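Thank you for making time for this today.

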Amino acid sequence: MTERAWLLLLEGAWVTLWVSGVSIAMGLVIGLVIALVRSARIPVIDQIMAVYVSLARATPLVTLVLFLFLAAPTLGLSLDRYTVAIIALTLNTAAFNAEIWRTAFLNFSPEQKEAALACGMTPAMMFGNIMLPQMITTSLPGLVNEMTVLIKSSPAIAIIGLVDLTRVTNRISAVTYEPLPPILAAGLLYMIIISVLLKLQSLTEKQASRLAM
């Protein structure tokens with residue numbers, strides 16, 4: 001592995017990291033909103049959200065990326081490749097996150113909710129100070145698992161021409177005719193990214209536990 005090859009791998013890792021990171025951040029928030037809306041059981045909207053979640057979970061990520069890339073010009077939308085990739089990854093992960101958040105919301109103790117409201121808390125205060133920290137704690141393993149799945153599925157964005165970490169390995173292999181070294185190096189970089197994510201999970205769990213006390 002030459003210095004040039006390592007630089008290419010790091011550039012690919014950066015693309016994987018920032019595209020996945022933006023999608024994960026947006027997917028967490030959108031998933032939470034969908035879970036809250038569905039938990040309110042608002043007629044029609046609940047059904048629409050349920051259909052979206054089912055479709056997004058059933059559609060392969062690479063198919064969703066390609067569909068959005070091809071459909072955007074037809075709908076008169078001028079989106080660059082990065083925007084298409086972020087939208088596709090966000091739509092995919094938000095659907096899975098919504099189910100994780102919804103499970104935590106439904107399993108929240110109604111006694112705690114009633115006690116908080118009886119103490120004079122507003123619903124917003126009760127949600128922000130009591131429910132959300134506990135929901136984060138209980139949902140975190142599932143959410144982090146979904147994040148790791150998304151990062152490992154992100155090579156799907158290469159189908160629209162983005163050069164992510166996995167695609168870089170193909171390019172290096174095509175030049176050097178030695179596929180193993182770049183693949184091993186890419187595997188190492190994926191492991192580092194996932195390890196950092198798991199460390200952040202541990203830190204967030206401790207912080208959420210303190211807030212929930």
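Let me begin with a question: is I30 buried, partly exposed or exposed? I30 counts as partly exposed, because its relative accessibility is 36%, where buried means under 20% relative accessible area, exposed means over 50%, and partly exposed is in between, with a 1.4 Å probe and protein chains only. I30 is found in helix α1, and helices here are DSSP runs of H or I with at least four residues, strands being runs of E with at least two, numbered from the N terminus. The C-alpha atoms of I30 and L91 are separated by 8.8 Å, although these residues are 61 apart along the chain.

Before I go further, please keep in mind that this is a predicted model, in which local features need pLDDT of at least 70 and side-chain atom pairs count only at pLDDT 80 or more, while totals for chains, interfaces and linings use all residues. Residues are numbered from 1 along each chain as its sequence is written, and side-chain values use heavy atoms, with hydrogens and water left out.

S54 is found in helix α2, residues 45-58, and is partly exposed, with a relative accessible area of 47%. Between the C-alpha atoms of S54 and F96, which are 42 residues apart along the chain, the separation is 9.3 Å.

Next, the loops. V44, in the loop between α1 and α2, has a positive phi of about 70° although it is not a glycine, and V44 is exposed, with a relative accessible area of 55%. Y177 sits in the loop between α7 and α8; its phi is also positive, near 60°, in a residue other than glycine, and at 71% relative accessibility Y177 counts as exposed.

Now to the charged side chains. A salt bridge here is a side-chain nitrogen of Lys or Arg within 4 Å of a carboxyl oxygen of Asp or Glu, and by this rule the count comes to four. One of them joins D46 and R38, at 3.0 Å from N to O, and both D46 and R38 are buried. R38 also forms a salt bridge with E99, the closest N and O atoms being 3.4 Å apart. That pair links distant parts of the chain, with E99 in helix α4, residues 81-106, and R38 in helix α1, 61 residues apart. E99 is buried because its relative accessible area is 18%, and R38 counts as buried because its relative accessibility is 14%. E99 meets R102 in a further salt bridge of 3.5 Å, N to O, and these two both lie in helix α4, three residues apart, about one turn of the helix. Through shared partners, salt bridges join R38, D46, R57, E99 and R102 into one network.

Let me turn to the pockets. On a 1 Å grid over the protein atoms alone, a pocket is an open set of points where a 1.4 Å probe fits, with protein on both sides within 12 Å along at least five of seven lines, and lining residues have an atom within 4 Å of a point. The largest pocket is lined by 13 residues, of which L28, L140, L143, M147 and T204 lie nearest its centre. The elements that give two or more residues to this lining are α1 (3-39), α6 (123-153) and α8 (180-212), and α6 gives the most, with five residues.

The second largest pocket has a lining that includes M1, R4, L8, I172, E178 and P181, and the elements that give two or more residues to it are α1, α7 (165-176) and α8.

Which helix holds W6? W6 lies in helix α1, and it counts as partly exposed because its relative accessibility is 33%.

That is the tour I wanted to give, and I am happy to go back to any part of the model.
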